Amino acid sequence: MKELAANANTNRMTYREACRQAIREALIDDPRTFLMGEDVGLYGGCYAVSKGLLAEFGPQRIRDTPLAEATFVGAGIGAAMAGLRPIVEIMTCNFSLLALDQIMNNAATIPHMSGGQFAVPLVIRMATGAGRQLAAQHSHSLEGWFAHIPGLKVLAPGTIEDARFMLKAALADPNPVMIFEHIVLYNAEGDLDPDVTCVDIAKARIRRSGRDISILTYGNSLPKSLAAAEALAAEGIEAEVVDLRVLRPLDNATIFESVARTRRCVIVDEGWKSGSISAEIAARLSEDLFFELDAPIRRLCSREVPVPYAAHMEEAALPQTPQIINAARSLVKPR
Amino acid sequence: MSQKPHLDRESGRHLFKQMLRIRRFEAKCAELYQAQKIRGFLHLYDGEEAVAVGVMQALEDSDAIVATYRDHGHALARGLPMTTLMAEMYGKAEGCSRGRGGSMHFFDRARRFYGGNAIVGGGLPLAIGIAMADKQLRPGAVTACFFGEGAAGEGAFHESINLAELWDLPVLFVCENNLYAMGMPLELAEAETDISRKADAYRTPNEAVDGMNPIAVEGAARRAVESIRGGNGPYFLECRTYRFRAHSMFDAQLYRTREEIELWRERDPLPRMQKWLEETHMLSPQELREIEADVEAEIGKAVAFAEQGQWEKIEELERFVLVDEVPE
C-alpha cells in the first residue's frame, strides 16, 4: 500500500494510468481479485492499461486468455458465483458480442432465476466507442444495449476520477457491473483531487452548472459537451452539463432535477439514435417531466451508419461540439 | 481399488432406488403436466437416469454440479429435496428457485448445485470459473459439468475443454450423448461422431461408457474423479445413452422411428438393474415392494408440498434482479 500511496502522489495522470492504478489497487486489496482477458499480461493490454501488472502480480492474477470471449467471460461469472471477485477485460465492446450469451443469459439472469441463492459479483471492463479511425468492427458503442438488460449495472467513466475509482466501487457491488472505457479518453490527462478516494456508482454528476439548458451526456461526449458549454457561455448561454456516468440503473433524480430547473435539454450519446439510451432518457423525461419543459427534447447521436474508416466520414458520423452548440442555441434562443 | 464400484447389496439397491425415484418423479410430472399443474417446457430424463445416478456416486458434498435444462435427474441424484423440486415445477415460492426457474432451472446453493442451464453449452464456461474458484478456495473439490452431445457443436464446448486443460482445472465434463440434439441426429450434426475423441484434441483424458448401465457409469466416474483429484486436470466422460420420451412435451418425434426407440428400451437401465439385483439375490420381492412404496410416498409428499405451497407475492417480482449482498 505504501508504494501505491507514493504513486498516487502524482495527481496528474492519464485516464489509462487511472484505470491501471485502479486495477493495481484492487489486486493489492483483495486476494480473491484477478484480471483475466486477451493480452492483459505479456502484451500489457491492447490499450496498455495493464502494462507492468504481470511482472508485479504473476500469471495467476494477471491471466492471459485464449481468444475465447464466451468462455473467459463465463468463467468469470462462475468464479464470481463460487467466491472470487474477478475483473474480466474484454478487449473492446465489439468482441463482447461473442460473450453476449454469457452476459445476458447467465450473469444478468442467475441471481434472480436462482431465487437469490447465487450472486455474480463480477466486473467486466471493456473499451468502447469510435474516434480513432478503427472502422466499423472496432468502433461500436454498445453500452446502451447493455443498459437494456435488467440484472446488470452499466458504468461509463468520462473523467480521470471515475476511471480511477469506479472499479473499486464496482468490485464492492454484489452484482455484475460493466465498465465501458472510451478509447479516445485513454490518453486524456487530468488532475486527481487528492482528497477523493472513492466515487459512488449510483448517481449522475453535474460537471458544470448552468441555468439555461441541461446537456445530458457520458463518455467521450462529456469533454465535447463541456467544450460546447464553454463556447455557449461566451455568448451568454449558461449550459449545465450532466455526466450520466451510470447508464443502468439511470439516476432519474439527478437528471430530472437538472432538467426541471433548466427546462430544456439536449442529450448527447455516441450510440445510434434508434433504440438508444438517449431514447430511453428522452422517453422518461417526456413521461415524467412533460409539463416542466419549455422546449422539445433534442438528441445528438451517431449517424446511423457502421462507423467508417476515413477521418472526415468518421468525424461526420459522431456527435461533435459544434452540433451540441447549435442544438443548445436553437433551444435557448429559438428564432 | 477405489475406482471399482461397490457392488454390495446396499449400493446396488441405492443405484436402483435413485433411478426409480427419478423415473417415477418424472412420470408424475408428465401426468401433472397433462393436468396443467406444471406448465412451460418439461424435458424428461427418461432413459438417461443411469448417467446422473452413476456420476453422483463418485462425488462428495464439497463438489459442485452444473446441470442442463434436463436437470430433474441431476437434482434428485444430487440430493435436492423432491419437495422443493416439485414446488418449483408448480412455480411456487417454496420451490428451489422460488418459482423463478421452473423445470429447467433448479438451483441449490447449499448442495453446490449451480443450476440447470437452458442454453446448450452455456454451462461449460461456468464450470471453468467454478473450478478456478475451487482451486483457490476449496482445494480438492471437483466441478461436474453435464451437457448433451449437442453442446459439441457450440464454440463454448471447445473453448471450455481447452481452458480446463490449459489451466489444469478440476472439471469433470460429462457428455450425455443421447444421439439427438432436440431433433438433430448426431450423424447429421458432427463430422466426428465419436464425441469423446474431441477431448483428445485438447489432450484431456477421456472415456466413453455405456450410459445405460449405472454400475459402468459409476466405475468410470470414480476413475475420472480419482484422476482429477490426483491433480491431473480435467477429465472427459462420454455417457452413451438414450432418451425414451419426446424432447419436450411439444415434440412429434418425426426424426426417429418407433423401432429405434423399442430397440433402446431393451437396454432400459431400470428393468435391467432390477433383474440383475433379483438374479443375484440382492433384492427380494419384499424389498422391491418397500423401495417402490418409499418412492411413491416421497412423491406423494412432494406433490402435497407443492399443492400447499404459496404463490410468490407480486410485490416480490423484482426481488433478486439486483442483490444487496453476496449470499454466504
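Q: What distance separates the centres of domain 1 of chain A and domain 2 of chain A?
A: The centres, taken over C-alpha atoms, are 26 Å apart. The structure is a predicted model. The domain assignment of chain A places domain 1 at 2–191 and domain 2 at 205–332.

Q: What makes up the contact between domain 1 and domain 2 of chain A?
A: Residues count as in contact if their C-beta atoms lie within 7 Å. By that criterion, domain 1 of chain A contributes 22 residues and domain 2 of chain A contributes 23 residues. On the side of domain 1 that touches domain 2, helix 7 (143–146), strand 6 (153–155) and strand 7 (177–182) of chain A each supply at least two residues. Strand 6 of chain A has the largest share of that side, with three residues. By class, this side of domain 1 comprises 11 nonpolar, eight polar and three charged residues.

Q: Which residues touch the most other members of the largest nonpolar core?
A: They are I215(A), A328(A), L172(B) and L237(B), in a core of 197 residues.

Q: Why is this core said to lie between domain 1 and domain 2 of chain A?
A: Both domain 1 (2–191) and domain 2 (205–332) of chain A give residues to the core, so it lies between them.

Q: Which residues does A328(A) touch, not counting residues up to four places away in sequence?
A: The contacts of A328(A) on that count are I213(A), I215(A), A228(A), L232(A), I237(A), A239(A) and V266(A).

Q: Why is strand 13 of chain A described as largely enclosed by the rest of the structure?
A: A residue is called buried when 20 or more other C-beta atoms lie within 10 Å of its own. Eight of the eight residues of strand 13 (residues 265–272) of chain A are buried, so the strand is largely enclosed.

Q: In what sense does strand 13 of chain A pair with strand 10 of chain A, and in what sense with strand 14 of chain A?
A: Two strands are said to pair if at least two bridges are found between them. Strand 10 (residues 213–217) of chain A meets strand 13 over three bridges, in the parallel sense, and I215(A) stands opposite V266(A). Strand 14 (residues 298–302) of chain A is joined to strand 13 over four bridges, also in the parallel sense, with V268(A) opposite L300(A). From strand 13 the chain passes through helix 11 (residues 277–288) of chain A to strand 14, in a right-handed β-α-β crossover.

Q: Why does I23(A) receive its burial class?
A: The threshold for a buried residue is 20 or more C-beta neighbours within 10 Å. I23(A) has 24 inside 10 Å and therefore counts as buried. The residue belongs to helix 2 (residues 15–29) of chain A. Not counting residues up to four places away in sequence, I23(A) touches L35(A), S50(A), L53(A), I87(A) and L167(A). I23(A) and I87(A) are 64 residues apart in sequence, with 8.4 Å from C-alpha to C-alpha.

Q: What makes up the contact between chain A and chain B?
A: There, 33 residues of chain A are in contact with 38 residues of chain B. Two or more residues each come from helix 4 (69–81), helix 5 (100–107) and helix 6 (110–113) of chain A. Helix 4 of chain A gives the most to the side of chain A that touches chain B, namely nine residues. That side holds 17 nonpolar, 15 polar and one charged residues.

How values were computed: Residues numbered from 1 in each chain as written. Chains lettered and ligands numbered in written order. Predicted model: local features only at pLDDT ≥ 70, side-chain atom pairs only at ≥ 80, totals over all residues. Buried ≥ 20, exposed ≤ 12 C-beta atoms within 10 Å, placed from the backbone. Right-handed = clockwise from strand over helix to strand, strands pointing away. Domains from an automatic or database assignment. Contact = placed C-beta atoms within 7 Å. Nonpolar A, V, L, I, M, F, W, Y, C, P; charged D, E, K, R; others polar. Core = buried A, V, L, I, M, F, W, Y, C linked by C-beta atoms within 7 Å.
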